[in-house]
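Here is a short report on one protein chain. Look over the model first, then read on.

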Amino acid sequence: MKVVLFCGGYGMRMRNGTASDVPKPMQMVGPRPLIWHVMRYYAHFGHTEFILCLGYGAHHIKDFFLNYEETTSNDFVLRGGKAELLSTDISEWSITFVQTGIESAIGERLRRVRHHLDGDEMFLANYADVLTDAPLPDIIERFSASDAGASMMVVPPQSSFHCVEMDEGGMVGAITAVSEMPLWENGGYFVLRQEVFDHIPQNGDLVGDGCAELAKRGRLLAYPYRGFWKPTDTVKERAALDEAYARGERPWALWENEREVARTA
């Protein structure tokens with residue numbers, strides 16, 4: 001199944017007070033950028049045809065893949081001054097790079113790559129900046145068994161704030177952590193049918209227009225997930241993932257578990 005990745009936004013909340021044209025998906029977690037981790041997640045489940053919706057800082061993404069160095073994350077033997085790889089990351093991948101505009105909304109970016117989907121009935125989509133260990137085959141299977149036009153993974157609210165219930169006189173009756181409330185957030189992992197294009201207008205949004213309209217029609221399926229899911233909207237969130245990677249705490253890196261099994265077999 002093809003995977004559409006939205007990687008052309010400014011990522012303003014990822015700025016650290018300095019000018020930079022590096023798009024958010026190219027921020028580093030360990031030795032590789034966020035987009036690589038997301039793509040490895042999909043490739044782990046056999047989905048290796050990627051369509052990158054480029055925009056701001058597109059040359060950084062292009063340069064990364066055009067000059068990709070496999071030895072950074074793979075074992076190899078150096079023989080006669082030449083590296084002989086024992087495994088590879090992206091040699092089996094197909095990556096289509098598409099400039100979808102600097103200011104385009106997510107829905108418009110999707111519209112501009114529709115012809116690269118070859119009329120596929122279903123395809124995957126992702127913001128390219130959120131990491132998870134969610135069971136992708138189960139997500140796809142549940143969607144395939146439905147007749148919905150789109151599926152959205154949803155997660156509990158990540159905010160550390162508390163909500164306050166009070167009466168008209170201002171007396172507080174209860175305080176509840178947002179994370180404990182019966183609310184769900186968009187988790188950024190989508191399975192879509194071509195039907196979604198019927199509800200995204202020119203310059204429209206995938207969620208605000210496409211998914212919202214499907215929801216009104218009873219055509220949007222949610223996949224609730226309470227497992228590992230981490231966004232990288234801020235410098236602090238990205239740094240936390242980077243630190244976790246350095247400690248060896250990488251629940252999203254399902255491909256590493258597979259590699260370890262192969263080594264011990």
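## Surface and charge

Accessible areas come from the Shrake-Rupley method with a 1.4 Å probe. By that method, the accessible surface of this predicted model is about 13,400 Å². Carbon and sulfur atoms hold 51% of that surface.

The charged side chains number 26 positive and 37 negative. The centres of the two sets are 3 Å apart.

## Overall fold

The protein contains seven helices and 15 strands. Its C-alpha atoms fill a box of roughly 80 × 45 × 45 Å along the principal axes. The radius of gyration is 20 Å. A compact globule of 265 residues would come out near 18 Å, so the two values agree.

Of the 265 residues, 44% are buried.

## Helix 2

Which residues of helix 2 are buried? In this helix, residues 58–66, they are A58, I61, F64 and F65. These residues lie on the same side of helix 2, because they cover an arc of only 130 degrees around the axis.

## Helix 4

Helix 4 spans residues 136–144. Its buried residues are L136, I139, I140 and F143. They sit on the same side of helix 4, because their arc around the axis is only 95 degrees.

The cover over these buried residues includes helix 1 and strand 8 (122–126). It also includes strand 10 (150–155), strand 13 (185–193) and strand 14 (220–224).

A246 belongs to helix 6, residues 235–246. Is A246 buried or exposed? The cut-off for exposed is over 50% relative accessible area. A246 has 66%, so A246 is exposed.

How far apart are the C-alpha atoms of A246 and G30? They are separated by 6.6 Å. Along the chain, A246 and G30 are 216 residues apart.

How values were computed:
Residues are numbered from 1 along each chain as its sequence is written. This is a predicted model: local features need pLDDT of at least 70, side-chain atom pairs count only at pLDDT 80 or more; totals for chains, interfaces and linings use all residues. Side-chain values use heavy atoms; hydrogens and water are left out. Buried means under 20% relative accessible area, exposed over 50%, partly exposed in between (1.4 Å probe, protein chains only). Helices (H or I, at least four residues) and strands (E, at least two) are DSSP runs, numbered from the N terminus. The arc is that of the directions from the helix axis to the C-beta atoms. The radius of gyration is taken over C-alpha atoms; the globule rule is 2.2 Å times the number of residues to the power 0.38. Lys and Arg count as positive and Asp and Glu as negative; His and the chain ends are not counted. The place of a charge is taken as NZ of Lys, CZ of Arg, CG of Asp or CD of Glu. Contact means heavy atoms within 4.5 Å.
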